[in-house]
Amino acid sequence: MTFIKMKLGVVTTHPIQYMAPWFRALAADPAIELEVIYFRELDPLQQGAGFGRAFQWDVPLRQGYASRVLGVAAGIATVPRLLLRLRRAVRDIRPDAVLITGWNEPGLVAAYLLMKWLGVPVILRGEANALRPRSAFAKLLHQLLLGFVSAGVVIGKANRQFYLNNGFAADRLFAGAYFVESERMLAMAQAHAQERSGLRGEIGFGDGDFVFSFVGKHVPFKRPMLLVEAAALARQRGLPVKLLFAGSGELTDALQRRAAELNVPVHFTGFLNQTEIWQASVPADAVVLPSTNGETW
C-alpha cells in the first residue's frame, strides 16, 4: 500500500487560543503535513481587546506545528500587500489544499480569490450559524464565497445548516469539532481538585451551594447580565444558587452593581490566563454560556 501525505496550508488572521490545539493535533497526524499562515501576531494591547486590559497568553500558541507570520495589519487598505505576501507563502509551501478560517475580515475574503487564481482547492472551517437572519446582500456574499469552496468542515448542527441554507452540497460537508485542550485542562483540574472545598470557602461558597460559572469577556453580546438576572429568580424560589465570574470587560462594574442590587452572591476572579483557568472550573458546579446567536454556540 502506498502512503500519501497531504500537504495542508491554513490561512487565518492571528494565533487564537482555541485553534492552537487543533493545529497541534493536525501536525501530529502522519497523514498531514501542516503549515499555518498567520496574517499577524497580536501585541498585548490588541490581545486584550474586550477584556479591558493588556495581556499575552501564557501558553505559547505557535508551538507544536509549523507556522509563519505575514506581518500585515487588518483593514481593507492593507489587502494588496497581504495578497502579495500570501501568494509568496502559498507558492513556497505548495499545499495540496488550503483551509481558510472564515471571512471575518477583508484579507480572508481576498484569500478565496487568490486561491482560485493559484488553482489551490479551498477547505472552509467557518463559524457562521443558521440561527440569525441576514440581509439579502449578506446572503449573496456568502453564496459567492461558498462558490470558491471545495469542502466545508462543520462544527455543529447550526453551522451545517448555514451551509445547506446557502446551497452548499451536503456531500461536501465533513464533521469537524470545536477545540479544547482536554488533557491540559483535566490535568489542571485534577491537580487542584483537593483544593475545591477550601477554595469555595475562601470565596463564600458553601458545600450546599450550587455555583454557576461564567468564563469569558464581560461584553454585551455574551450576555453575562442574563446570568445575574436568572440567578436572582432562582434564589427567589429558594434555590441555593451563587455565581462565579471569570474574565473582565466593559460590563464588570455593572455586573457587580446589579448582583448587589438583586442580592446575588457572586465572586469575580478577574482575568485568568490559560494556566489559571482552573480557578473558574474547580470551585464551580456548572459552566453557563448565555451568549447571543452572534456566536457559533
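**Figure 1. Lining of the second largest pocket.** β1 (6–12), α1 (20–28) and β6 (151–154) each supply at least two residues to the lining of the second largest pocket; helices (H or I, at least four residues) and strands (E, at least two) are DSSP runs numbered from the N terminus. The model is predicted, so that local features need pLDDT of at least 70 and side-chain atom pairs pLDDT 80 or more, while totals for chains, interfaces and linings use all residues. Residues are numbered from 1 along each chain, and side-chain values use heavy atoms, without hydrogens and water. Among the lining residues are Met-6, Trp-22, Ile-123 and Phe-174. A pocket is an open set of points on a 1 Å grid over the protein atoms alone, where a 1.4 Å probe fits, with protein on both sides within 12 Å along at least five of seven lines; lining residues have an atom within 4 Å of a point.

**Figure 2. The largest nonpolar core.** This core has 30 residues, and Val-11, Leu-86, Ile-100 and Met-115 have the most contacts inside it. A nonpolar core joins buried (under 20% relative accessible area, 1.4 Å probe, protein chains only) Ala, Val, Leu, Ile, Met, Phe, Trp, Tyr and Cys residues through side-chain atoms within 4.5 Å. Val-11 touches residues including Ile-37, Phe-39 and Leu-108 (heavy atoms within 4.5 Å).

**Figure 3. An aromatic pair.** The structure holds 17 aromatic pairs, in which ring centres of Phe, Tyr or Trp (its six-membered ring) lie within 6.5 Å. Tyr-112 is buried, with a relative accessible area of 0%.

Terms used:
Buried < 20%, exposed > 50% of the residue type's maximum accessible area, 1.4 Å probe, protein only. Phe/Tyr/Trp six-rings, centres within 6.5 Å; stacked < 30°, edge-to-face > 60°. Lists of a residue's contacts leave out its neighbours within four places in sequence.
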